[in-house]
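Please read this note alongside the sequence and the coordinates. The points below go from confidence, through the contacts between chains, to the fold of one chain.

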Amino acid sequence: MNLEVFLIVAAALFCVGLFGALTQQSIVMLMMGLELMLGGVILAAGAAWHYIAPATADGQVLVVVAITAMAVEMAIGFAVVTALFRSREVDMTDMAAELRE
Amino acid sequence: MTTAAFWILAVLAVAGGVMVFRFDSMARATFSLLTALLCVGGELIVLGLEYLGIVTVLMMTIEMAIMAVFMIMFMMNPAGLMPMTMVHNKRGAAALCVTAFVLLVAGILLAPWPRRRGRAPADPTTDLGMALMGPQMLTMMTLGMALFATIVATVVLATRRGRYERYGDDLRATRPDDPVRGGVGR
Amino acid sequence: MAETAPLWAAVVLPVALVLVAWAAASVDARSAGLGRAVLRLLVQQRRLTRAADVLLVRVGTTLLPVAAVLAAVVLPLGFRSVSDLPDGIVWFNAMEALAWAAVWLTGWGPNSALSLIGGYRFLAQGLAYELPHMLAITTAALGAESLRVGALVDAQAGLWFAVWMPVAFGVYLLSALAMAFWGPFDQPVGTDVAGGAASELAGVDRLLFLGGRWLLFVVAAAFSVPLFLGGGQGPFLPAWAWTVLKTAAVLGLLMWARRRVPTVRMERYVELAWVVLTPLAVAQALVVAVVVLGR
């Protein structure tokens, strides 16, 4: 195992998540794509810590930041979906885009 | 041993990630995402980051359990008993993602990665704690503020009833008018 | 002081847990007819519901006992545990959180309204107990300045944590009941919803699920011994005997409480946990932090 293999797995996770986030119409499914992308980021940060600079804790801090970003993204995402659904009965991105009019 | 663990976890993680968008049932999709993220936690343990790996497992389990509730709540077809697709612009997205993946892999393989500097400390967890409470204090404080702001914003967005609904228009009611009574005798 | 156990301990651990759970269940039922009930479940047919997600039911029912056994890996008998992980406390918490997924999956899978209600109830209960629970175990770790369970036991050579962290101990016992959805917190499998998450289970599935619940209960109760009651520390008797005695005492206390306390509905416990228990647990952690700083 080396850094490249870990990063390729992380890139695969990131791109699968990106595909989901771009194609899914439901906001909740879109958020699952985002979670997967952040999972890739966590893996890449951990690999960078292990293979580049294990003596400093910067890589670990990056993992912590990514995990927090996941939590924040999910909480705000669900709150927005709840608010949208409550006011307009909307739970899909395309319908939310039409709200501009 | 570690190599085998790495490959098993890597294949499971990517397979779980792909299956998230192939399952019709929302419950299955959520728990396939959980599988993928648990494998990411496992990979962190393989890398020697035991604490962060276990914390990832802990957080993702709880997060996905909560996510399942919202999935069921907001999807038209949560059990996937009537297969339907809810996707848009599949071809463009696929092209974009494949391009992104190829670019990323090219970058990963071609970049002149620096050589490993230093050795991992005996206890990376202590190292992380010292960093967060020392040189990275600003990061930690920002994260704390972000989480606090998230709590406030989430409550504001998600609640429909404010204090006027609970205590009346002049806020004079002695006991709040809640649909569900709580447990501390109010 | 923590010693490593031989490899065969990993095989013995589930057997020992099952034995303890069996004994506890027999005492709780006040009868010796448990074996017959288990045998009946073993030969009983599995119930099939329409459009059930069988895979998810299987995963859910199996995950519950597996999570309990995995959590018990860091549980020391005397001063030996199967694996004294450096982050043992976080490990225990993470494995116990797998029960969230297990119960919800078991509730969702059979495609039945009552069992889904049971699954949702456990998530609500989980949100209620998890916050004070995490603070309580963090307080114990803070007192020992380590996340290693062995270090926690060593730190209690003099004074037990239960003595100078009474609030954290009490909160931990409450959440041990709630995480095994047992006793006053049995709403997820309550009789008012015809058995809740377990309502559609029969045969081996039911045995795994309800047996897993007993295992989880035993493990959660037994973990309070190294966390707050000094683990194997004690005079005269060998360390393992002290662990067994203390575990039996905690189990006895909890089983006694079940017969004395009525069922608590989860929406009531949510408010109690967030408005009363969480601030109390934070205050307890603050006190412990000040003591540790001044040491």
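**Notes on a predicted three-chain model**

1. In chain B, confidence is highest in helix α6 (residues 137–158) of chain B, at a mean of 93, and lowest in helix α7 (residues 163–167) of chain B, at 82. These values are pLDDT, the predictor's confidence in each residue on a scale from 0 to 100, and helices (H or I, at least four residues) and strands (E, at least two) are DSSP runs numbered from the N terminus. Chain B averages a pLDDT of 87, and 94% of the residues score at least 70.

2. This is a predicted model, in which local features need pLDDT of at least 70 and side-chain atom pairs count only at pLDDT 80 or more, while totals for chains, interfaces and linings use all residues. Residues are numbered from 1 along each chain as its sequence is written, and chains are lettered from A and ligands numbered from 1 in the order in which they are written.

3. Two residues are in contact if their C-beta atoms, placed from the backbone, lie within 7 Å. Two pairs of chains are in contact, and chains A and B share the most contacts. Chain A and chain C, by contrast, do not touch, and their nearest C-alpha atoms are 14 Å apart.

4. Between chains A and B, 58 residues of chain A are in contact with 67 residues of chain B. On the chain A side, the elements that give two or more residues are α1 (3–23), α2 (27–51) and α3 (58–88) of chain A, with the largest share, 19 residues, coming from α3(A). By class, this side of chain A has 41 nonpolar, 12 polar and five charged residues; here Ala, Val, Leu, Ile, Met, Phe, Trp, Tyr, Cys and Pro count as nonpolar, Asp, Glu, Lys and Arg as charged, and the others, Gly among them, as polar.

5. Where chain B meets chain C, 25 residues of chain B are in contact with 26 residues of chain C. The elements giving two or more residues to this side of chain B are α2 (26–46) and α3 (50–74) of chain B, and α3(B) gives the most, with 13 residues. By class, this side of chain B has 17 nonpolar, five polar and three charged residues.

6. Chain C has 11 helices and two strands, and along the sequence they follow the pattern β-α-α-α-β-α-α-α-α-α-α-α-α. The radius of gyration of chain C, taken over C-alpha atoms, is 19 Å, close to the 19 Å that the globule rule (2.2 Å times the number of residues to the power 0.38) gives for 295 residues, so chain C is as compact as a globular protein of that length. Along its principal axes the C-alpha trace of chain C spans about 60 × 45 × 35 Å.

7. Trp256(C), found in helix α10 (residues 239–260) of chain C, counts as exposed because it has 11 C-beta neighbours inside 10 Å.

8. Not counting residues up to four places away in sequence, Val219(C) touches Leu17(C), Ala68(C), Ala71(C), Ala72(C) and Leu75(C).

Notes:
A residue is buried if 20 or more other C-beta atoms lie within 10 Å of its own, exposed if 12 or fewer, and partly exposed in between; C-beta atoms are placed from the backbone.
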